[in-house]
Every structure is written in structure tokens, then in C-alpha cells.
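This briefing goes through a few local features of one structure, grouped by topic. Please look at the sequence and the model first.

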Amino acid sequence: RKGITTYKKRLESITPGDSLYLKYFGSHYEFYLDRPLIFYAGGIGVTVFRSIIKLALDKGIKPEFTLIYSNRSEDFIFKKELDEWTEQLQMPIHYISTKVKGRLTSEKIKHLVPDISNGKYAHYIVGPPMMVDATSEMILTLGVNSKDINTDSFDGYLEES
């Protein structure tokens, strides 16, 4: 998606054959498969979870995942392969187009995961800062312990209303 940030402008100028230097790669949180996981993806933030899910498939691991994927439009990136993997892993995916269904709310989360406050889940939230902050606050109000919440927001991301 085109943007106005320096980062996105630089990405738009890259051409095939250019070399890139990555000074940061990977997440800043620890990731365990020792309990059920709820992934909250905002837009392109689903890329992180797509990689985790693919790794589980490649390794033959069948952890308990739930993916709540919120996007501005109904054009969900990786939807086709995520839907295929859903069947293989028996993983529920909940697609929420904010254009159609409105933003994610605590009521929607509680409806999708009725036992969210029982402490058995690890929660991972990835997306634009505003979405990450709002989702963290919502699940805290639903009784999730802050130690069970891991976040990764895309600093410098331009929020659109």
C-alpha cells in the first residue's frame, strides 16, 4: 500500500536487483506453543501470524490457534492459503472487514472467544499502533492478564480514519 512516510517512500523506490540492509528482524517477544494462542492481526500485521502458522504446518505441529483478522476492506491478504490451512490445523479464523462490520470491539471479541478471561490463552497482537493499543485495552477489560498479552506495532505507520 502506498503511503507518505519516509519508510514507505523508500520502499516504493526499490527496484529489482537493489540490495537491502536489515538492521532489525524478528519479534521482540518470546513465542511459545505450550498453550492455546489467540492472534489478533490488523491489516498487513497478519504476515507475522502467517509465518507462524506456516512454520507449524511445515514442522507437523498442531497447536491451538485462533486468528482474529481485522482489515479495512474485504481484501484479506493471504486469505486463500489461510483458509486452506484452517482445514489442516482445525484453526478458527475470524475475518472482520471494518468497512462492512465496523471495528473490532470487546463485545465482538467476547462473542468469538467466550472463555477469553479464563487465563489459558496467550494473546499476540500485531498491526498499526492504534489498533494494537485499542485491542490490548479491550482484552484487558475482558479480564485478560497483562502478562498474557504480547504486542508488536508498526511504528511510523500512517493511520487513516
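Just after helix H3, Gln90 takes a positive phi of about 50°. Helices (H or I, at least four residues) and strands (E, at least two) are DSSP runs, numbered from the N terminus. The model is predicted, so local features need pLDDT of at least 70 and side-chain atom pairs count only at pLDDT 80 or more, while totals for chains, interfaces and linings use all residues. Residues are numbered from 1 along each chain as its sequence is written, and side-chain values use heavy atoms, with hydrogens and water left out.

**Helix H3**
- Leu82, Trp85 and Leu89 of H3 are buried (under 20% relative accessible area, with exposed meaning over 50% and partly exposed in between; 1.4 Å probe, protein chains only).
- The buried residues of H3 line one face of the helix, because they fall within an arc of 65° when seen down its axis; the arc is that of the directions from the helix axis to the C-beta atoms.
- Lys80 and Glu87 are exposed residues on the face of H3 turned away from its buried side.
- Helix H2 (46–59), E2 and E3 are what the buried residues of H3 pack against, where contact means heavy atoms within 4.5 Å.

**Strands E2 and E3**
- Strand E2 (residues 65–71) pairs with E3 in the parallel sense over five bridges; two strands pair if DSSP finds at least two bridges between them.
- The chain runs from E2 through H3 (residues 79–89) to E3 in a right-handed β-α-β crossover: with the strands pointing away from the viewer, the path from the first strand over the helix to the second runs clockwise.
- Ile68 stands opposite His94 in E3.
- Strand E3 (residues 93–97) is largely enclosed by the rest of the structure, because four of its five residues are buried.

**His123**
- His123 lies in strand E4 (residues 122–127) and counts as buried at 1% relative accessibility.
- The side chains of His123 and Tyr40 are joined by a polar contact of 2.9 Å (a pair of N or O atoms within 3.5 Å; within protein, one must be able to donate a hydrogen and the other to accept it, and residues adjacent in sequence count only if both atoms are side-chain atoms).
- Not counting residues up to four places away in sequence, His123 touches residues including Ile38, Tyr40, Ile116 and Asp148.

**Met131**
- Met131, in helix H6 (residues 129–141), is buried with a relative accessible area of 17%.
- Leaving aside neighbours within four places in sequence, Met131 is in contact with Tyr40, Ala41, Gly42, Ile125 and Val126.
- Met131 and Tyr40 are 91 residues apart in sequence and 9.5 Å apart in space, C-alpha to C-alpha.
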